[in-house]
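Open the structure in a viewer and keep the selection tool at hand. The stops below say what to select next and what is there.

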Amino acid sequence: MAHSLQLAHFGLRTRDLPAAVDWYGRVLGAQVRFRNNLAAFMSFDEEHHRFVLWDDGGTGEKPENARGVDHIGFSCGGPSELAGEYERLKHLGITPTMSVNHHFTSSLYYHDPDGDEVEITCDNMPSKAECSAFMATSAMSEIMQPPFFGSEFDPEELLRLRHSGASDREMAQIGLCQR
């Protein structure tokens with residue numbers, strides 16, 4: 001049954017609202033739509049707010065393996081754009097903690113000021129349908145094993161490929177021959 005629900009926004013508790021606003025502003029290009037001493041409502045597109053950050057003064061530490069949201073992912077247009085995001089953020093002093101080619105996607109993982117994991121990802125296949133079809137294969141079952149659920153890659157190599165004029169198809173293979 002079809003439905004009209006779409007992801008509207010997410011909320012994150014923070015222990016340092018100014019640092020979180022700055023980080024998400026730089027990483028996502030998000031702008032503050034409303035802010036007071038308790039919260040900041042931010043968006044990077046036409047939506048009035050894609051996320052809200054808040055600090056009520058009572059936020060404690062989260063145990064490393066606590067259940068709940070593990071990470072939040074944001075997509076870009078393909079491997080070349082992923083390399084561009086890596087380069088942009090690197091110039092801001094923000095580097096990934098992990099870079100993984102999941103075969104159907106490639107992802108850069110970052111930690112925000114509170115340690116929450118933020119993923120910037122791209123599809124490695126020309127269409128969403130091809131990505132979905134891959135997810136139903138035995139190859140998907142084989143690669144979806146810890147610790148990386150794919151193959152690690154060096155984002156500097158991805159950037160080098162981009163600067164050398166490699167195609168998205170070529171860049172989508174990064175790290176796969178290492179496994």
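Start with Asp116, which is buried, its relative accessible area being 17%. Buried here stands for under 20% relative accessible area, exposed for over 50%, and partly exposed for values in between (1.4 Å probe, protein chains only). Before going on, note that this is a predicted model: local features need pLDDT of at least 70, side-chain atom pairs count only at pLDDT 80 or more, and totals for chains, interfaces and linings use all residues. Residues are numbered from 1 along each chain as its sequence is written, and side-chain values use heavy atoms, with hydrogens and water left out.

**Salt bridges**

The term covers a side-chain nitrogen of Lys or Arg within 4 Å of a carboxyl oxygen of Asp or Glu. Lys62 sits in the loop between E4 and E5, and Asp116 in the loop between strand E7 (105-111) and strand E8 (117-123), so the pair ties together parts 54 residues apart in sequence. Helices (H or I, at least four residues) and strands (E, at least two) are DSSP runs, numbered from the N terminus.

Next, select Arg15 and Glu61, whose side chains form a salt bridge of 2.3 Å, N to O. This pair also links distant parts of the chain: Arg15 is in the loop between strand E1 (10-13) and helix H1 (17-28), and Glu61 is in the loop between strand E4 (51-54) and strand E5 (71-76), 46 residues apart. Arg15 is partly exposed at 45% relative accessible area, while Glu61 is exposed at 66%.

Move to helix H1 and pick Asp22 and Arg26, which lie four residues apart, about one turn of the helix. They form a salt bridge, with the closest N and O atoms 3.2 Å apart. Both ends are partly exposed: Asp22 has a relative accessible area of 42% and Arg26 one of 30%. The count of salt bridges comes to 10.

**The sheet and a loop beside it**

Show the strands. An open sheet of five strands runs in the order E5-E8-E7-E6-E9, with mixed pairing; two strands pair if DSSP finds at least two bridges between them. E5 and strand E9 (151-152) are the edge strands, each pairing on one side only. E5 pairs with E8 in the parallel sense over six bridges. Select Ser75 to find one of the bridge partners, Thr121 in E8.

Which loop holds Asn124? Asn124 is in the loop between E8 and helix H3 (128-135), and is buried at 12% relative accessible area. Its side chain reaches the backbone oxygen of Thr105 at 3.1 Å.

**Nonpolar cores**

A nonpolar core is a set of buried Ala, Val, Leu, Ile, Met, Phe, Trp, Tyr and Cys residues joined through side-chain atoms within 4.5 Å. Select Tyr24, Phe51, Leu53 and Tyr110: of the 34 residues in the largest core, these touch the most other members. Helix H1 gives the largest share of this core, seven residues. Another core, of five residues, lies apart from it, including Phe104, Cys131, Met140 and Ile143.

Methods: A polar contact is a pair of N or O atoms within 3.5 Å; within protein, one must be able to donate a hydrogen and the other to accept it, and residues adjacent in sequence count only if both atoms are side-chain atoms.
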